[in-house]
Amino acid sequence: MSKFSGDHRCAHVPGHLPTVAPAASCEMCGTAENRRLCLTCGHVGCCDSLGAHAKAHAEATGHWVITALPMSRLSFVWCYKCDDYVIGPIDHPAVVAAATA
Ligand SMILES: [Zn+2]
Ligand SMILES: [Zn+2]
Ligand SMILES: [Zn+2]
């Protein structure tokens, strides 16, 4: 699972990224490992191999699309609804800025 970006474009990717700075740790369990950012609201959860809080957030809110932190142009974008890597808004100015910060 080293694929960075899918070739699948899905309807769940939000048109605008959250503008809040992402939390330094999972908002639900506090781990700083393998953080996943909700691209809809900016919630930070952890990956499925830890507490699966990113997935829990997606299922609770319908915010299906996440990316890995720290965000970069190489970060994968995953849709929990499609259960696949998808084409994300990686050319969004916020992503580019984060990648070059
Ligand atoms: Zn967690
Ligand atoms: Zn969210
Ligand atoms: Zn999707």
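Tutor: Happy to! The largest nonpolar core has 17 residues, and those with the most contacts inside it are Leu37, Leu39, Val65, Ile66 and Cys79. Several elements each supply at least two residues of this core: strand 1 (35–38), strand 2 (44–46), helix 1 (53–61), strand 3 (65–68) and strand 4 (77–79). The largest share, 3 residues, comes from strand 4. As background, nonpolar side chains tend to be buried together in soluble globular proteins.

Please keep in mind that this is a predicted model. The average pLDDT of the chain is 84, and 80% of the residues score at least 70. Among the elements of the chain, helix 1 has the highest mean pLDDT (98), whereas helix 2 (residues 93–100) has the lowest (58). Where pLDDT is low, the predicted coordinates should not be read in detail.

Leaving aside its neighbours within four places in sequence, Val65 is in contact with His12, Val13, Pro14, Leu39, Thr40, Val77, Cys79, Val86 and Gly88. Two of the names you met above, Leu39 and Cys79, are in that list.

An open sheet is formed by 5 strands in the order 2-1-3-4-5, with antiparallel pairing. Strand 2 and strand 5 (84–85) are the edge strands, each pairing on one side only. Further in, strand 1 pairs with strand 3 in the antiparallel sense over 3 bridges, and Cys38 has Ile66 of strand 3 as its bridge partner. Strand 3 and strand 4 also pair in the antiparallel sense, over 3 bridges; here Thr67 has Val77 of strand 4 as its bridge partner.

Next, find helix 1. Helix 1 packs on the sheet, where it touches strand 1, strand 2 and strand 3, and its direction makes about 125 degrees with that of strand 2. Which residues of helix 1 are buried? They are His53, Ala54, His57 and Ala58. These residues cover an arc of only 150 degrees around the axis, so they sit on the same side of helix 1. Strand 1, strand 2 and strand 3 are among what covers the buried residues of helix 1.

Finally, look at some backbone details around these elements. Most residues other than glycine have a negative phi, and most peptide bonds are trans. Asn34, in the segment before strand 1, has a positive phi near 45 degrees. With 16 other C-beta atoms within 10 Å, Asn34 is partly exposed. In the loop between strand 2 and helix 1 you will find Ala52, whose phi is also positive, near 55 degrees. Ala52 is partly exposed too, because it has 17 other C-beta atoms within 10 Å, and a residue needs 20 or more to be buried. Just after helix 1, Gly62 takes a positive phi of about 80 degrees. The peptide bond that joins Leu69 and Pro70 is cis, with omega about -5 degrees; Pro70 belongs to the loop between strand 3 and strand 4.

Notes: Residues numbered from 1 in each chain as written. Chains lettered and ligands numbered in written order. Core = buried A, V, L, I, M, F, W, Y, C linked by C-beta atoms within 7 Å. Buried ≥ 20, exposed ≤ 12 C-beta atoms within 10 Å, placed from the backbone. Helix = DSSP H or I, 4+ residues; strand = E, 2+ residues; numbered from the N terminus. Contact = placed C-beta atoms within 7 Å. pLDDT = per-residue confidence, 0-100. Pairing = 2+ DSSP bridges. Arc of directions from axis to C-beta. Axes fitted to C-alpha atoms, helices over the stretch in contact; angles between N-to-C directions.
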